[in-house]
Amino acid sequence: MIRGLNARHARAWGSACTLLLLAACGGGGGGGGASFPLVGTPPASSGSGGSAGSSNAPPPVNQGKSGPKALVVEIDGLTHSALRDAMAQNKVPALQSLRVAPAWTGGANGTPSEQRTTDGPGWATLMTGTWAQRHGVRWDTADQRIDVKLAPSVFALARQNNKAAGYRTASVTSSLLYPLLLANEAGTVDSAIDCAGADACVTDRTSQLIDAGYDLLVAQYGAPAAAAGNGLKSDAYQRSIADTAAGIGQLLARVAQRSANDPKEDWLVILTTGHGLDAFDSATGVQDNGNKTVFIASNKTLAALPGVGASAPADATLLALAAATDIAPTVLRHLGALPAATDYRFAGQALQASTSLRSLAAKTGADKRSIELSWTLAGNTSAAVQVLRDGKVVATLPAGSTAYTDPIVAASDGLYAFQYTVVAGEASVALAAQISYVAPEAPVTLAPTLANGLVNYYPLDALPGVDTKNASTLAPWASDANGGSLVDDGYSAPYKAKALRVDSTVKNASGMAGYRLVQNNDVTTNAAVTAFTIGFWVRTDATCSQGVSNGGTVIGNKNYTTGGNAGLAIGLFGSCEIRFNVGTGSARADSNGYSLSAGQWAYVAVVVDKAALTMRGYVMDPVRGVQTNSTAITTALVDKLGGLGNGLGLNEDGTGLYYQRESSSPRGAMDFNDFAIWNRALTSAELNSIFKSGQPLSSLP
């Protein structure tokens, strides 16, 4: 992450400045390709704070033209809670009149919209109103560029829809990173000014651009981020907030003066930050609430901005609030440049709307031939709801509707992607969705060979769970911590039944939780078994919440505090990643990088060939398709496959105490269905037949 520029960064910026033809490089110097009248001479920058500012008085008559104008200010490192505290203590008097609400960023965990909660992706979202699946920025490195074909910036869209002579846009940034992100979008920013880490320069140059009559300005401050390493309660961090607020106060005063000079000049001012910070005051990029929580502050009342003046939720209800993707369409609506529904690509809505359209989500239907859309509505819900796919209306629904199932027709199996837009009254929100499609013309049935070598099988449609092979037992790790319950399974009729939900928040006094499967004849240790397969359907919660921090144990017969411990485990980690692991106690082998879709049924299997010394993982997901890879293992690893010999934990490891030891890993619920163990290596075709057919093994002859 780039947090203020040191001397090495400043030297590197010299060549980048030439490349980008910026209007000014360094701490407030002039020159460059754009021409605009500068008011007076900018004072020397005074470091990272914004309090020095410009002492030049604004002109008595406005330059530029009347009409709507917008100023967006992004403040790296300023958290929502720190801003609320500063306002409550009247430490930022210049910002007291703003309406401040918590919001979120980072996309939805375990979905294609997910992105890192760090500088580059956060700035790209601010500029485009989209998540990384469209804007393409996934890291904080200098090679990252916004995909301007899929996600044009607010600058491009504002200019496209405001073709009047003299319409001007500008960005003034403290960080080296942000101008680079728009390097592939030429001619949309009239003045791109680099302040080389000096926030006072940001105040000076933005003030001058306001006075010069620019119509859309984006300013970025970095001092709070640079000071956050000292701790959010430190004098340095508190001083950075006060200094930055004073600098922004000067911008607000310039805006107020222009409005006083010309009542027809209508300004929208929005303050925000690119991402939050974790409990250690760092930006780690993960999907926990601290990193995901941002804020939106405005000089105007915005009807669809919930939570003004409230604290941020500490749980998943944060995602029911406004998102960072709402800022771009809000700015464009104010400027009269919001695209029509047929061209709408923003993952957020304009916050001026009287209707609030939130939580738009997509999942694959149980038939694997439909996409189920859902959303929430609040405010004015009197208008009919339209659903567009790839810019064309596919459904007009009654007012107040909050769901639609879109039947997909394709010629063959495969991955298909679509762009949906839902319109309800004044609100529009877009979503990119994908499906691993199974064509109806070639219906798939279970491979009959799946009955061969099936040694343990739990349909999991009733409690207590019973092995139809009568060769194992399944029960809670602790009788006084039974977190098992029945939920609807993921099968289509006529196979629809129930599934087992294992909730690790249900624990006993020692912290023991989860379920345990104990085989009468363990395939991992039986010398006569030269290969085995463990396969099951699994579903996370709606946000894959157990995948953060140190991750969760999906199944395991080992102490999974480290993957080097003896035994076998399948883990769930950040970004809804599945990892396959075996260890000896001193060595390990892993197969990582498989992805689940949050809240949807996927088939997961591990195939261990003891003789061929291979471990192959499978994750068959209704959105991401079939993911598989093979990893070499050793005879030493084969010898330790039995782990602790206590059985196989479900939503726990082989001790039943994983979440007790790893207290930073959230407890939660995982759903399991059709859990099976074979004493042979299943083929890809056999496993594919399970995934594509959606039929339980109990339907085999």
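## A buried aspartate and its partners

A polar contact of 3.0 Å ties the side chain of D671 to that of R539, and another, of 2.6 Å, ties D671 to the side chain of R501. For a polar contact, the pair must be N or O atoms within 3.5 Å; within protein, one has to be able to donate a hydrogen and the other to accept it, and residues adjacent in sequence count only if both atoms are side-chain atoms. This is a predicted model, in which local features need pLDDT of at least 70 and side-chain atom pairs count only at pLDDT 80 or more, while totals for chains, interfaces and linings use all residues. Residues are numbered from 1 along each chain as its sequence is written, and side-chain values use heavy atoms, with hydrogens and water left out.

D671 sits in strand 29 (residues 669-678). With a relative accessibility of 2%, D671 counts as buried (under 20% relative accessible area; exposed is over 50%, partly exposed in between, with a 1.4 Å probe and protein chains only). Leaving aside residues up to four places away in sequence, D671 touches V487, L500, R501, W537, V538, R539 and W601, where contact means heavy atoms within 4.5 Å. Strands (E, at least two residues) and helices (H or I, at least four) are DSSP runs, numbered from the N terminus.

## Two disulfides

How many disulfides turn up in a search of the whole structure? There are two, each a pair of cysteine sulfur atoms within 2.5 Å. One joins C195 and C201, with the sulfur atoms 2.0 Å apart. Its S-S torsion is about -65°, so the C195 and C201 disulfide is left-handed. Both C195 and C201 are buried.

The other runs from C544 to C576, with an S to S distance of 1.9 Å. Here the torsion about the S-S bond is about 80°, so the bridge between C544 and C576 is right-handed. This pair links distant parts of the chain, 32 residues apart: C544 is in the loop between strand 20 (531-539) and strand 21 (552-556), and C576 in the loop between strand 22 (567-573) and strand 23 (577-583). C544 is buried at 0% relative accessible area, and C576 is buried at 0% too.

Most residues other than glycine have a negative phi, and most peptide bonds are trans. C576 has a positive phi, near 55°. N651, not a glycine either, has a positive phi of about 55°; N651 is in the loop between strand 28 (648-650) and helix 13 (658-661) and is buried, with a relative accessible area of 0%.

As for peptide bonds, the one joining L463 and P464 is cis, with omega at about -5°. P464 belongs to the loop between strand 15 (454-458) and strand 16 (472-476).

Helix 3 (residues 119-128) has 10 of its 10 residues buried, so the rest of the structure largely encloses it. Among the buried residues of helix 3 are W123, L126 and M127. Just after helix 3, G129 takes a positive phi of about 70°.

The structure also holds four cavities of 30 Å³ or more. On a 1 Å grid over the protein atoms alone, a cavity is a set of points where a 1.4 Å probe fits but cannot get out, and lining residues have an atom within 4 Å of a point. The largest has about 50 Å³ of space, and its lining is E74, T105, G122, L126, T272, T273, G274, A324 and I327.

Conventions:
1 Å grid on protein atoms, 1.4 Å probe; cavity = no way out; pocket = protein on both sides within 12 Å on 5 of 7 lines; lining within 4 Å. Points joined across faces, edges and corners; volume = space filled by probe spheres on them.
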